[in-house]
Structure formats: structure tokens, C-alpha cells
Amino acid sequence: MKNSKIKKITVTAVLAALITVTTAFIKISIGINEGYIHLGDSMVYLAGCLLGPYAVIAAVIGGALADVLAGAAVWAIPTAIIKACNCIPFIVASAIYVKHKNSSRIIHLSTILMTLVSGVITVFGYWLAEGIMYSFESAFASMPFNIVQAVGSAIVFIAIGCALDAVKIQKYLK
């Protein structure tokens with residue numbers, strides 16, 4: 001039991017680091033209110049599938065730390081909230097899949113559909129945060145970039161998830 005808790009904490013820390021790196025350092029600036037497009041959400045989705053409730057910790061730490069490191073610390077709290085909400089659909093979908101299919105695949109119809117749900121959370125969450133922090137006019141201007149980010153993250157998540165399913169990563173995490 002102690003070994004499984006250590007493994008879960010370790011994987012949580014690794015995914016928090018992956019979220020941080022893929023968000024803060026692999027990005028494209030959009031030039032609006034310190035915003036940028038990144039693929040960090042793909043790691044948030046992956047965390048939700050692999051970690052269960054621990055994914056919230058990885059998403060919050062990784063997302064908020066990325067904003068601080070990227071020079072957009074003003075976004076750390078909104079990002080922490082949005083990223084926590086982003087991983088919840090994947091936690092639920094993966095738990096239901098495991099329960100009903102007795103299998104622990106990352107990519108299946110439910111998780112693919114959850115990329116849409118999480119994309120809506122991203123677009124609406126950042127629209128609301130930017131509208132409150134700056135103006136709703138600039139928030140509307142940022143929406144297309146948030147959509148691109150959500151779609152790109154979904155594609156990367158599906159590709160990485162398929163690769164991890166192929167090597168049966170889940171058996172190494174139990």
C-alpha cells in the first residue's frame with residue numbers, strides 16, 4: 001500500500017511538471033493580455049485519465065506554475081481553477097470506463113468526447129476570467145485562440161494516449 005501511494009504521488013509530480021513545461025515553454029504568444037497558445041491541456045487531459053482525483057493537484061500546480069514562469073502570474077489563479085475543471089471530465093469518464101469495461105485504456109469514445117467538454121470549459125473559463133480582469137471585448141478577441149489551443153491539445157492528447165495505450169502504460173502505474 002505504501003508503495004502504491006508513493007507511485008501515485010510521483011506520477012502526480014511528473015505530470016504536474018509536464019503540464020508546466022508544455023504550458024510555459026512550448027507556447028505561441030497571441031499578444032492579447034499576456035495570453036498564449038500552448039499544448040499543456042493535453043497533459044491535463046492525460047493526468048485526468050491516469051491519476052483519478054490526484055489529477056486535480058497536478059493540473060492546479062502545473063497550470064498555475066506555468067503562468068508564473070511564463071511571466072503571466074496574474075493568470076495563475078484563474079488558470080488553477082480552469083485546469084482543475086478541465087481534468088474532471090476525464091477523471092469521471094475514465095472511472096466509468098474502468099468500472100463498466102474492466103479495462104483501463106486512456107483513449108476511448110468517452111475520453112475523446114471529453115476533449116470537447118474540456119474545450120468548452122477552457123474557452124468559457126478564459127473568456128469569463130479575461131472579461132472580469134480586462135474587458136469582455138478583449139475576451140471575445142481571444143476566443144479563437146482558445147479554440148485553437150483546445151483543438152490542438154485534443155489532437156496531442158489522442159496521439160499520446162494511443163501511444164501510451166499501445167505500451168500498456170496503465171499496468172506500470174498500478
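This is a predicted model: local features need pLDDT of at least 70, side-chain atom pairs count only at pLDDT 80 or more; totals for chains, interfaces and linings use all residues.

Reader: Why does Ile9 count as exposed?

Author: Ile9 has a relative accessibility of 53%. The label exposed needs a value over 50%, so Ile9 counts as exposed. You will find Ile9 in helix 1.

Reader: What makes the nonpolar surface patch?

Author: Ten names belong here: Ile9, Val21, Phe25, Ile26, Tyr54, Ile57, Ile61, Leu65, Val68 and Leu69 make a patch of about 910 Å². Helix 1 (2–24) and helix 3 are the elements that give two or more residues to this patch. The largest share, six residues, comes from helix 3.

Reader: How do you know that Pro53 counts as exposed?

Author: The cut-off for exposed is over 50%, and Pro53 has 61% relative accessibility, so Pro53 counts as exposed. Pro53 sits in the loop between helix 2 (40–51) and helix 3 (54–69).

Reader: Why is the pair of Phe90 and Phe157 called edge-to-face?

Author: A pair of aromatic rings is described by two things, the distance of the centres and the angle of the planes. For Phe90 and Phe157 the ring centres are 5.4 Å apart and the planes stand at 65°. Rings pair if their centres lie within 6.5 Å, and planes over 60 degrees apart count as edge-to-face, so the pair of Phe90 and Phe157 is edge-to-face. Phe90 belongs to helix 4 (residues 76–101) and Phe157 to helix 6 (residues 136–166), so this pair ties together parts 67 residues apart in sequence. Both Phe90 and Phe157 are buried.

Reader: What makes the pair of Trp127 and Phe136 tilted?

Author: Their ring centres are 5.0 Å apart and their planes are at 50°. Stacked needs an angle under 30 degrees and edge-to-face one over 60, with the rest called tilted, so the pair of Trp127 and Phe136 is tilted. Ring pairs also link Trp127 and Phe136 with Phe124 and Phe140 into a cluster. The structure holds eight aromatic pairs.

Reader: Are Trp127 and Phe136 buried or partly exposed?

Author: They get separate labels. Buried means under 20%, and Trp127 has a relative accessible area of 18%, so Trp127 is buried. Phe136 has 35% relative accessibility, and so counts as partly exposed.

Reader: How do you know that Asp41 forms a salt bridge with Lys83?

Author: The closest N and O atoms of Asp41 and Lys83 are 2.6 Å apart. A salt bridge asks for a side-chain nitrogen within 4 Å of a carboxyl oxygen, and the pair of Asp41 and Lys83 meets that. This pair links distant parts of the chain, with Asp41 in helix 2 and Lys83 in helix 4, 42 residues apart. Asp41 and Lys83 are both buried.

Reader: Which residues meet in a salt bridge at 3.5 Å, N to O?

Author: Those are Asp165 and Arg105, through their side chains. Asp165 lies in helix 6 and Arg105 in the loop between helix 4 and helix 5 (109–133), so parts 60 residues apart in sequence are tied together. Asp165 has 7% relative accessibility, so Asp165 counts as buried. Arg105, at 38%, counts as partly exposed. The structure holds two salt bridges.

Technical notes: Residues are numbered from 1 along each chain as its sequence is written. Side-chain values use heavy atoms; hydrogens and water are left out. Helices (H or I, at least four residues) and strands (E, at least two) are DSSP runs, numbered from the N terminus. Buried means under 20% relative accessible area, exposed over 50%, partly exposed in between (1.4 Å probe, protein chains only). Patches are made of residues with over 30% relative accessible area and no salt bridge: like charges are joined within 9 Å, nonpolar side chains (Val, Leu, Ile, Met, Phe, Trp, Tyr) within 5 Å. Accessible areas come from the Shrake-Rupley method with a 1.4 Å probe; for residues, only the protein chains shown count as cover. Rings of Phe, Tyr and Trp (its six-membered ring) pair if their centres lie within 6.5 Å; planes under 30 degrees apart count as stacked, over 60 as edge-to-face and the rest as tilted.
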